[in-house]
Amino acid sequence: MVVVEDSPTPLRLEPPRYKISPEVLLAANESATPFVVMKIPGRGMGAVAIRDIKQGELILRENPLFTLPLKIDGDPEELVLAALSNLSSNARSQFINLSHHSHSKSGSNTEDELGIDGPTALSILQTNAISASPGNLGIFPQIARLNHGCGGAFNAVYNFRPPIAKPEAETSTDEEQEPEDFGFMVLHALKPIPANTELLTTYFTSRLPRSQRRDYLLQHYHFACDCALCSLPEAEIKESDARMEEVDELRKRLGLWATEGEGGIEGDDAIRVINKYWAVSEAEAYWSERGQMASDAAHVAAAHSDRLATTAWAGLASIWYGYELGADSDPAQAMGYFAYNPEGHFAWGTRKELVVGSPSPWILAGL
Ligand SMILES: C[S@@+](CC[C@H](N)C(=O)[O-])C[C@H]1O[C@@H](n2cnc3c(N)ncnc32)[C@H](O)[C@@H]1O
């Protein structure tokens, strides 16, 4: 039996404020971005907001320096060096200046004419590459400066956008590929980001208890996370861990709606699970994935032909996808459409008719 809570009190995750020197600020004002890259104690470099950034604001749109396939044949060091040799010297220096955790033991440490050796190049790639288009990694030099925050501590989300189709006259097979031809990354503010606080993203699905998050980050990224969530006092960590586990269980329980009949759950139970998820994630100050959750709820509501609930959940999904992926993103636009045309939802009427229920009143009151 799922009990729906009233508006929970969110965890307080106070981000540190950083002093930005006048020279750095002056240089930053000339660039179009609302942040500067500067030294962050214990984290190397990081991105700090130079003004208040609004929730859902597009912070940055960035092309890759280069991309590589995730699955490769042959020597990865040679592959990175080959990619670097195709770059301009300016782009190559941007890559060389990125941080990296270590050299691998194998290979030669001799720098060639590219100004970097194979093991270092590979280490920079491993520390900074993010997945871009399906099956590809990319180096996005400004996004690469974002440090990691767990759960409710991260406030910015990057997302890949495929290339915008060009009119036929502008595409030529003879021409060199432009960076835009590959697609680009957009970075949005998931939460309001106050001036002088750090922009943090998440390097992995961090809704796990702290010890598991720590192990993962140490193993894959070679650092001990000191984000606001990981730095909470022990008693609060315990409560946070319990909420993270509950969120995970709720997600698993929601998955049971896909099973019709025995072993499955009914549509109204699925919606209670989602309302409960929302309450637990609110208490944890974890706002990511709300677009997806509300979109799942809209799916359940549409399948059971609950018009009112489909409208409410799809509207909510459109707002939260808008914060996380951009109001112009396909998911935000599609959900906006379903909010006005619930019967147009692809799942409409695919299950028995049932009033499943709308978002808890405190969720709607907070919009
Ligand atoms: C993609 S880079 C981020 C930018 C980097 N700090 C720099 O100086 O360019 C990833 C590296 O940043 C550091 N880092 C990121 N998040 C951190 C955190 N929460 N705590 C400590 N170090 C962190 C780690 O050294 C990690 O390997």
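In what order do the four strands of the open sheet run? The order is β1-β2-β10-β7, and the pairing is mixed.

## Basis

This is a predicted model: local features need pLDDT of at least 70, side-chain atom pairs count only at pLDDT 80 or more, and totals for chains, interfaces and linings use all residues. Residues are numbered from 1 along each chain as its sequence is written, and side-chain values use heavy atoms, with hydrogens and water left out.

## The open sheet

β1 (35–40) and β7 are the edge strands, each pairing on one side only. Strands are DSSP runs of E, at least two residues, and helices are runs of H or I, at least four, numbered from the N terminus. Two strands pair if DSSP finds at least two bridges between them.

β1 and β2 pair in the antiparallel sense over six bridges. F35 stands opposite A49 in β2.

## The largest pocket

The largest pocket has a volume of about 1100 Å³. A pocket is an open set of points on a 1 Å grid over the protein atoms alone, where a 1.4 Å probe fits, with protein on both sides within 12 Å along at least five of seven lines. Points are joined across faces, edges and corners; the volume is the space filled by probe spheres set on them.

The lining has 45 residues (an atom within 4 Å of a point). Y158, T201, T202, Y203 and F204 lie nearest the centre. β8 (156–161) gives the most, with five residues. Domain 1 (22–221) and domain 2 (234–365) both contribute, so the pocket lies between them. Domain bounds come from an automatic or database assignment.
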